Amino acid sequence: MNTLDLLDGTPSVVGTGVALFSDALRAQGVDVTDVDWTPPPAGTSAALARVLADARRVEANKLAAERMLAAGAELVDVRLASEALDLQPGHFLHAGPPITWERASGPLRGALIGAVLFEGLASGPEEAERKLAAGTFTWEPCHHRGAVGPMAGVVSPSMWVFELTDPSSGRTSWCSLNEGLGKVLRYGAYSEEVVTRLRWMSEVLGPALQSGVRRARDRGAELDMLAIVAQMVQMGDEGHNRNRAGTLMFMRDLLPDILEAGVDPLRLAEVVRFIGGNDHFALNLVMPTCKLITSAAADIPGSTVVTVMARNGTDFGIQVSGTGQQWFTGPAQTPSGMFLGDFGPDDANPDIGDSAITETAGIGGFAMAAAPAIVRFIGGEVGDALTATRLMYQITTTENQRLGVPILDFRGTPTGIDVTKVLGSGVLPQINTGMAGRVAGVGQVGAGLVTPPMECFEGAIQALAAAAPTLG
Amino acid sequence: MSATGTDVHHVEVRRGRYVDSVSLMQVSATVAGTPGVHKAQVAMATELNLDVLSGMGFDIPADAGPNDMVVAVSAESDEAVAAALAVMEDAVASIGRGGGSGDTFGGEPTPRTTRWAVERSGAPLAVVSVPGEHAFAEAMGALDAGSSVLVFSDNVPVEHEVLLKRTAADRGLLVMGPDCGTAIVGGVGLGFANVVRQGPVGVAAASGTGAQQFTSLLHTAGVGVSHCLGLGGRDLSEAVGGLSARAALAALDADPATEVIVVVSKPPHPAVAADLQEYAATLATPVHLVLLGAGQPTITAGVEKVLVELGVDRPDWPTWGVPAEAPRVDGALRGLFAGGTLCDESMLIAAETLGDIRSNIPLRPDLALPAGLEHDGHLMIDFGDDTLTQGRPHPMIDPGLRLARLEKEAADPATGVVLLDVVLGHGAHADPAGDLAPAVAAARRTAADAGRELAVVISLCGTDADPQGLEAQAAALAAAGASVFSSNAAATRYAVALVSGGQR
C-alpha cells in the first residue's frame, strides 16, 4: 500500500478514538473499521512511544519471528539431571523467576521438601523444611540452565530429564519426566507415595526411555517432537492442558526402539502402563520443544518479542528478546476454572510453572481453537475457544504455519508475543493451566485459565525504552 | 412422583441419552438453581454417579446403565419439579447450540489496535483521534501495517511528529497531522470538511479552516477538488521541515485526477517555504503556494489566481444582508473566531489598516492578550485554540464560549464591530445560525438600547452542498442584522472599513 492507493477510489478507513468521526464517515457511505481502543496502562505511554520509535524494532521482530519458525526439536537423550544439567548435590532447579524460601509458595516449598527427601538429604519432611529454610541448599530457575519444569518444576540431580536439540542451532533444552496427575511432586506433594514413584521413575522409567531414545538416535531416527506437536494440534491437543494425542504418538513412535533395546518385558509393561495412564506425559516433551522455539528468538537487540513466561507460585516473570535474561515480574494471579472433588477457589495457589512456555511459543491457550474437547473445562463454548485464539493474533508477531489449526482453515498458531502489542491493545496472553493446592503436600486441585499480570509488560517496556537509542 | 417429608422427589431415566459428564455438571448446577428446588442431579448412570445419587437420597431403578441419563430432582412442590424439568430440557438442548450466543464458532474479535484493524481490513487510511500522548503508538501502528494516517489528536510532541513523518516517507505513506482536522480524500470528507464537487484542483493544507475556505470558494466558483490532504499545522515549521507537504505534493503530482496543486498554510518558516518552492518546481503538475503572511495574498486571492490559471471567470463572491449604505459605527474591531487560519488571515488584513491587533494567537508575541482576553483596542480571539478547547468541544461544534463573548462585546461601549466566522460542512454544528442568529439580534438590540450602533460582520465558510444548507444559514444570519460574506478576506475588509469610518 502507498499514498497513491489512498487517492485511488473511495477509501475504506480505520477509525481509532472519537466515534463521531466514524459516524460521519459511515454517513458518507465509507466502509469504516472501528478500533475498540483503550489507553495503555498509566505511565507507559512515553516508554511505549520510545520503543515503537526504535528504528531497529521492525527488523528485529522480523528476525525473531523467522528464527522461531525455523527452530526444530529432536529428542536426543534421556539421562540424569546431574549429568545433563551439571546439577550438583544440594542444588535444585525450580519453575519461574528466582525466589527465596521466605517468599516461596506452598506447592514450591512442598516440591523442594519432596526433592530433598528423594535425594536422601533429610530423614523426614520437618528436617527437610528446616534445612531449606536455613539455607543449607541452593536453587535457581530452570530457565537459567535452558531447562523448563511444569508446575513447581523442581529438578534434583538424581531425577532423569528429556534432552532435546534444535538441529537448526544446536541449542539444547531439558525437562523432567512427567509423574502423572493428582498427588505428585510438581503440585507440591511429598508423601511417601510421591517419593516412591520418583524412585521408580529413576530406576525403571528413565533407563527404559534412555535405551529406546538412544537406539533411535543411533540409527539416525531421532524423534521429531515438533512434528508430533504439529500433529497434536490437528488431533485436539493444545499442548498445555491436553496432551492426550501427543502421549499416544510418543508411545507409538518410541515403542519399537524400546522393544529392540531389550528392556525386560515386565518392566516395559510397567513403563507402558504408566505412560498410557497419564494423558499429560507428553507435556514434558512439548515444553522443551517450546523452549527451543522461544530461545531461538532470544537476545536480538531492539526486539520486543517475549521469550519466556514462567511462574513460581508467587511471582509471574517474563523475559524479552531485546533485554536478554532480565526478568520482569508481577504477582502471579490465581487461575479461574474447574476444581477437582471438594476443592474450591480458596484452595488454589496462585499460578505456577514453566508450562506457560507453551503459550510463549504459540500453543497452549493460544491454540485453544485446536482443542474443543477441553473448552468446557475452562468454562466456555467451542466458539469461545476460536475467539480466544483469534484474539491472540492481535498481540503476536507471526503465525506458525507448521502448527496449523484445522478449524481455522489451518491458519498457523499465533506466535511471538509482542510487548508493545500487549500494552497497546490491553489484551493479555491467555494461559491454560493446572491449579496446585495452596498448602504444601496437597497436590492438584483443578485446571483453568489465567493471564500474566500487566506489571510484567510495564516493566519490560521501561527496560526496552531505556535500551532504545535516543530519538532523532 | 413420590413425597418424602415435605419434599417431592422426581427420578426418571432417559434411555440411551448420552451427554458428556462435564456438560451434565453444568446442567445439574443450572437445575439446582431453579427456585423451589432443593437438590438436583442430572448424570449418566455410571457406578460412581449411582453412588452419588443414592447418597443424595434418590432411589434409582436397578436397570439404569452407564448409557442412560438419570434426572433426579428434589423440590418443594410438583410445580417446582415441573419448572426444574423445563430448565433441564433447555439446558441440555443448549449444549449443542453453543450456549445460545447465536454464533457457535465465535466471531472475529473486535480490533483492539489501529495496527490490527489495518492489517485485517487492508484500509489505506486510519483516522486517529485518541488523546495526544497515545496518538504516536496508534499512528505508528497504522504505518507499520502499511496505511497512511490522519492524526486528529493534538498535543503530540513535535519529535513524535517528525519521526512519524520520516517513517511514512521511508515507506511511501502519508501522515496528515497531528492536529489535522480537515481532509477530503476521493470525495469523502474527513473531520471538518465542506461538501465540494470533484474536480482538478489538489490541495495540500497545513491549515484546517484555510483548506475549508479555499475549497468552498473554489466550489462556489464552479471548480472542483480532486483531494484535499491535511498536513498538520506545524508541517511547514523549521522542526518538521515540510515532510508531509512533500509527500502530499508527490502523491497529488502522481494522481491523474489532479491538474493543479495548491499548498495552503499559515505563516511558514521562510527556509522551509523556499525549499518547498524548489521542490514544487521539479513536479510535472503546476503548484501554487498560498502561504499566509504580512504582504502575502489572501486565501481568496489564492483561489482567484487558480481560477485564472484554469481559465475560469472570477465570480462575485456572494454576500447576504450587506446594507447599501454602510452604518456609522464608533469603536474597536472585535473578532471572535472558531477557525485559527481565518483568524490569522483577518489579523493580517486588519493590521494593514488598523495597526496592532491583540490576540490569543498574536502575529507578534508583544500583541498577546492577557489571561482574561480583555483589551480596550482591536482584538481577535481564536476560540479554537488548544488553550480554549481543553475539556470542551471545538467552537465549530459548541458555540457556548463564543456566544457568551458576543453578549459581553455587545455591552462594551468600546466595541464598534464584531467579526465572526461561521463554518459549515461535515463535522460542524448541525445548525450554527440557529444559535448565532438570535444572539446577533440580541447583541444589536443591547447596543441599540444603549444608544450605540453595533455592526456584526460574518464570514460564512460553506457550500450549497453542505448539510446545513448555505442559503438558509446565510438568510437567518442576515435577517438577524448581520452582514454576511462568503469570503473571509472580504468580510474582514468590510469590517475594517466600518471601524475606520468610525474613527474618521
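**Close-ups of a predicted two-chain model**

View 1. B:Ser265 has a relative accessibility of 2%, so it counts as buried (buried is under 20% relative accessible area, exposed is over 50%, and partly exposed is in between, with a 1.4 Å probe and protein chains only). Setting aside neighbours within four places in sequence, B:Ser265 touches B:Ala206, B:Leu236, B:Val290, B:Leu291 and B:Leu292, where contact means heavy atoms within 4.5 Å.

*A note for all views.* This is a predicted model, where local features need pLDDT of at least 70, side-chain atom pairs count only at pLDDT 80 or more, and totals for chains, interfaces and linings use all residues. Residues are numbered from 1 along each chain as its sequence is written, chains are lettered from A and ligands numbered from 1 in the order in which they are written, and side-chain values use heavy atoms, with hydrogens and water left out.

**View 2. Seven strands of chain B line up in an open sheet.** Read across, the order is β14-β20-β19-β18-β15-β17-β16, and the pairing is mixed (two strands pair if DSSP finds at least two bridges between them). The edges belong to β14 (319-320) and β16 (358-359) of chain B, each with a single partner strand, so one side of each has no neighbour in the sheet. Further in, β18 (residues 415-423) and β19 (residues 455-461) of chain B run parallel and share seven bridges. One of the bridge pairs joins B:Val423 to B:Cys461 in β19(B).

**View 3. Strand β4 of chain A has buried side chains on both faces.** In a regular strand, side chains alternate between the two faces of the sheet. In β4 (residues 91-94), A:His91 and A:Leu93 point one way, A:Phe92 and A:His94 point the other, and all are buried. Strand β5 of chain A (residues 138-141) pairs with β4(A) in the parallel sense over four bridges. There, A:His94 has A:Pro141 as its bridge partner.

**View 4. Strand β17 of chain A is mostly covered.** Six of the six residues in β17(A) (residues 431-436) are buried. One face carries A:Ile431, A:Thr433 and A:Met435, while A:Asn432, A:Gly434 and A:Ala436 point the other way. The pairing with β18 of chain A (residues 444-450) is antiparallel, over six bridges. Opposite A:Ile431 stands A:Val450 of β18(A).

**View 5. Two domains of chain A meet here.** Domain 1 is made of 48-69 + 299-467, and domain 2 is 72-286, with bounds from an automatic or database domain assignment. Their contact takes 49 residues from domain 1 of chain A and 43 residues from domain 2 of chain A. The C-alpha centres of these two domains lie 22 Å apart.

Methods:
Helix = DSSP H or I, 4+ residues; strand = E, 2+ residues; numbered from the N terminus.
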